[in-house]
Amino acid sequence: MLEFKKVTNGFNYVFEKEIGAGETVILKMPPVSPNKRGINDIGWQTDGSVTLYGTLSSDPESDGALWQEIKESDEVNKTVTAIKIVNGGSACNVTVRAIFC
């Protein structure tokens, strides 16, 4: 499972990766803590043909984890524990940003 990179001293996290053709990755959301009470916003961009899915499961890598598609115009559920990125086309770049409050 891949993780976000903390960009600043604040609550700004980013995941940037080139995803290979047909590749699937699971991105673990940053942990919530007393001074990072929750996710304020999540956004994503890609220059290819990827599909994103979110889960609330405590074990996103298990076979029993339920995944719901996150469409391009949808707002990402701020309680997700992980995001699955599925590349259905050729290699492309994906960026996901999470800002905590």
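Begin with the largest pocket, whose volume is about 220 Å³. A pocket here is an open set of points on a 1 Å grid over the protein atoms alone, where a 1.4 Å probe fits and protein lies on both sides within 12 Å along at least five of seven lines. Grid points are joined across faces, edges and corners, and the volume is the space filled by probe spheres set on them. The model is predicted: local features need pLDDT of at least 70 and side-chain atom pairs count only at pLDDT 80 or more, while totals for chains, interfaces and linings use all residues. Residues are numbered from 1 along each chain as its sequence is written, and side-chain values use heavy atoms, with hydrogens and water left out.

Select G54, Q68, I70, N77 and V80, which lie nearest the centre of the largest pocket among its 13 lining residues; a lining residue has an atom within 4 Å of a point. Next, colour β6 (50–55) and β7 (68–70), each of which supplies at least two residues of the lining. Strands are DSSP runs of E, at least two residues long, numbered from the N terminus. The largest share of the lining, 3 residues, belongs to β7. By class, the lining holds 5 nonpolar, 5 polar and 3 charged residues, with Asp, Glu, Lys and Arg counted as charged, Ala, Val, Leu, Ile, Met, Phe, Trp, Tyr, Cys and Pro as nonpolar, and the others, Gly among them, as polar.

Of its 21 residues, F4, M29, I42, I83, I85, V94 and V96 touch the most other members. The largest share of this core, 5 residues, comes from β9. Centre on V94: beyond its neighbours within four places in sequence, its contacts (heavy atoms within 4.5 Å) include F15, I19, V50 and I85.

Then select N12, in strand β3 (residues 12–19). N12 counts as buried because its relative accessibility is 16%, and buried means under 20% relative accessible area with a 1.4 Å probe, protein chains only. Its side chain makes a polar contact of 3.0 Å with that of R97; such a contact pairs N or O atoms within 3.5 Å, one able to donate a hydrogen and the other to accept it.

Finish at V32, in the loop between β4 and β5. V32 is exposed, at 52% relative accessible area, the cut-off being over 50%. F100 is 68 residues from V32 in sequence, yet their C-alpha atoms are 8.4 Å apart.

Conventions. Helix = DSSP H or I, 4+ residues; strand = E, 2+ residues; numbered from the N terminus. Core = buried A, V, L, I, M, F, W, Y, C linked by side-chain atoms within 4.5 Å.
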